[in-house]
Amino acid sequence: MKKLFILLMILAAVCFIGVWIYQTQRLKKNAQAPIGKGQVVMNWGLIILFVIGLVGAFVAPRDKTSEPAEHHPANEHATKVSKAQSSSESAAAASSSSSQSASSSSATSSSASSSSSSQLQVDFPTDVSLNKTGDATVSFKAPANTQFEIKDSNNNVVTTLNGNAQGADQTYNFKKPGKYHVTAHNGDQTIDKDLTVRGIGQ
């Protein structure tokens, strides 16, 4: 835009100088020649165009608006690419985190399952009653070499049953009703259970 005003100012100045030279020579040849209205209008028009071009050359902004317009699509494209990369990285991180969580959960579940399967397995009735003769015979089933320790409600050891290599059932004949605590040992494995012995007819 500024270049257009400069061009207008130059053309107006050139035309004005040309018209002024023509009119000056004409007056020299014929001093009595009248000045027509058309010449006056042309002179003032050229002066006005020159002033407009001069003012516009100083006021008009520089022609740099096209550069940002040209680079804007590239910047926008770069921004979109950056956002897409960030989104893909976030998705990959989320996927990795989910995979790690799933792996951790699977490992925990597997560990719990392994622990459960490796736990010492024992079997005996936990609620019995004395018979008419005042006894309650309890049979303890467990793997070979399993030792049982039986304590009463006062935490006194009533008896200890040592396991055998064949893994045969072990028995104990309770004579007194009450609450008992049974602890089974086999190597580094231990399990605790409570046993209730009720009175006759209960």
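1. Let's start with aspartate 135: at 14% relative accessibility, this residue counts as buried, because the cut-off for buried is under 20%. Bear in mind that we're looking at a predicted model.

2. What does aspartate 135 pair with? Its partner is lysine 175, in a salt bridge with the closest N and O atoms 2.4 Å apart. Aspartate 135 sits in the loop between S1 and strand S2 (136–140), and lysine 175 in the loop between S5 and S6, so the bridge ties together parts 40 residues apart in sequence.

3. The count of salt bridges comes to three. Another one joins arginine 198 to aspartate 127, with 2.8 Å between the closest N and O atoms. Here too distant parts of the chain are linked: arginine 198 belongs to strand S7 (residues 189–198) and aspartate 127 to strand S1 (residues 127–129), 71 residues apart. Both ends are partly exposed, arginine 198 at 35% and aspartate 127 at 42%.

4. Then there's glutamate 149 with lysine 151, whose side chains meet at 4.0 Å, N to O. Glutamate 149 is partly exposed at 25% relative accessible area, and lysine 151 is partly exposed at 21%.

5. Now the largest pocket, which has a volume of about 170 Å³. Strands S5 (170–174) and S6 (178–186) are the elements giving two or more residues to its lining, and S6 supplies the largest share, three residues.

6. Which residues line that pocket? Among them are Asp152, Asn154, Tyr172, Phe174 and Tyr180, and also Lys175, the salt-bridge partner of aspartate 135.

How values were computed:
Residues are numbered from 1 along each chain as its sequence is written. This is a predicted model: local features need pLDDT of at least 70, side-chain atom pairs count only at pLDDT 80 or more; totals for chains, interfaces and linings use all residues. Side-chain values use heavy atoms; hydrogens and water are left out. On a 1 Å grid over the protein atoms alone, a cavity is a set of points where a 1.4 Å probe fits but cannot get out, and a pocket is an open set with protein on both sides within 12 Å along at least five of seven lines; lining residues have an atom within 4 Å of a point. Grid points are joined across faces, edges and corners, and a volume is the space filled by probe spheres set on the points. Helices (H or I, at least four residues) and strands (E, at least two) are DSSP runs, numbered from the N terminus. Buried means under 20% relative accessible area, exposed over 50%, partly exposed in between (1.4 Å probe, protein chains only).
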